[in-house]
Amino acid sequence: SVQWPIDKDPSDPSGSSVTKLSPGSGAAPEVPAAAAAEDELPERWAQHGRGGGSGDQERPGLPGAVQSSPPSQSRDDDSESERNRTRMRVGLRAPENEERRKVVLLSDIRGHSCRSVYLYYCKQFEIKPKVQVRLALPDMPNEFNMEELILNETTLIGNRGLLPLLEVVRLNPTMKTFSVVGNGIKNTGVEWIVHLALEHPGLTSLDLSDNRITNAAGTVLHYLAQRNPRIVDINIANTRIDDQLRGHIEERLHLNRDQLMP
């Protein structure tokens, strides 16, 4: 298993640890002042960025949709050295969602509902829609005010099943709770969630319990807790994240909760 170096941040009065994957000088994304004292983005994270956002271009002949330019080379095609391949693994790069670059993104949601957005992206990502998910999503056009999306193990969306769901969450700024307990989520799925949650204006709680995720997922979750002080609860019970990393995540969440108290 990969060892995750955890260094103490002397500027953090709480004594919570900061996950430092490598020294660097990349600029960190803008966050509330409470997180401004955290360490900067590792240099290689700043170089690759978060993905899924930059490079979007209007696609001719498809009004209301955006096609992102695909990367010239897949990260999985990097065969220069074992070190380069290792750098591309979850937890050793900036959280990203490269799958979004491969589909036509909606740029105009007028007339859409949460359910129709889900069905649209199921088609884009070539995923069979889940009946339970479809019924759980409101079908009222132009209303994107969900406060929670909770799926239990009976849904079993699988890792790629997250992709259309995250597009629904993205369009609901009032969403506070996202739960996918026991749904076959993997480390890459957690990275996709973190990529979204870093800048989501409403999310405060994630439940990823009973999924077979490891320390790689724990590392990006720790980073999320550091960078987004709105995140106050992350449930990772019954996962393969080790006790030490769980402790670091909980310390940071505790600090976030304290900062939100009046």
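Leaving aside its neighbours within four places in sequence, which residues is leucine 162 in contact with? In this predicted model, leucine 162 touches Ile157, Phe178, Val180, Ile185, Gly189, Trp192 and Ile193, once neighbours within four places in sequence are set aside.

Leu162 also belongs to the largest nonpolar core, which has 53 residues, and it is listed with Leu149, Phe178, Val190 and Leu221 as the members that touch the most other members. At least two residues of this core come from each of several elements, among them β6, α5, β7, α6 and α7, and the largest share, seven residues, is supplied by α7. In soluble globular proteins, nonpolar side chains tend to be buried together.

Two of the helices that contribute to this core, α6 and α7, also pack against each other, at an angle of about 10° and with their axes 9 Å apart. Because angles under 35 degrees count as roughly parallel, α6 is roughly parallel to α7. The residues that make the contact are set out below.

| Helix | Residue range | Contact residues |
|---|---|---|
| α6 | residues 187-197 | Asn187, Val190, Glu191, Val194, Ala197 |
| α7 | residues 215-227 | Ala216, Ala217, Val220, Leu221, Leu224 |

By class, this contact of α6 with α7 comprises eight nonpolar, one polar and one charged residues.

Leaving aside neighbours within four places in sequence, the contacts of asparagine 159 include Gly184, Ile185, Thr188 and Trp192.

Conventions. Residues numbered from 1 in each chain as written. Predicted model: local features only at pLDDT ≥ 70, side-chain atom pairs only at ≥ 80, totals over all residues. Heavy atoms only, no water. Axes fitted to C-alpha atoms, helices over the stretch in contact; angles between N-to-C directions. Helix = DSSP H or I, 4+ residues; strand = E, 2+ residues; numbered from the N terminus. Parallel < 35°, antiparallel > 145°, perpendicular 65-115°, else oblique. Contact = heavy atoms within 4.5 Å. Nonpolar A, V, L, I, M, F, W, Y, C, P; charged D, E, K, R; others polar. Core = buried A, V, L, I, M, F, W, Y, C linked by side-chain atoms within 4.5 Å. Buried < 20%, exposed > 50% of the residue type's maximum accessible area, 1.4 Å probe, protein only.
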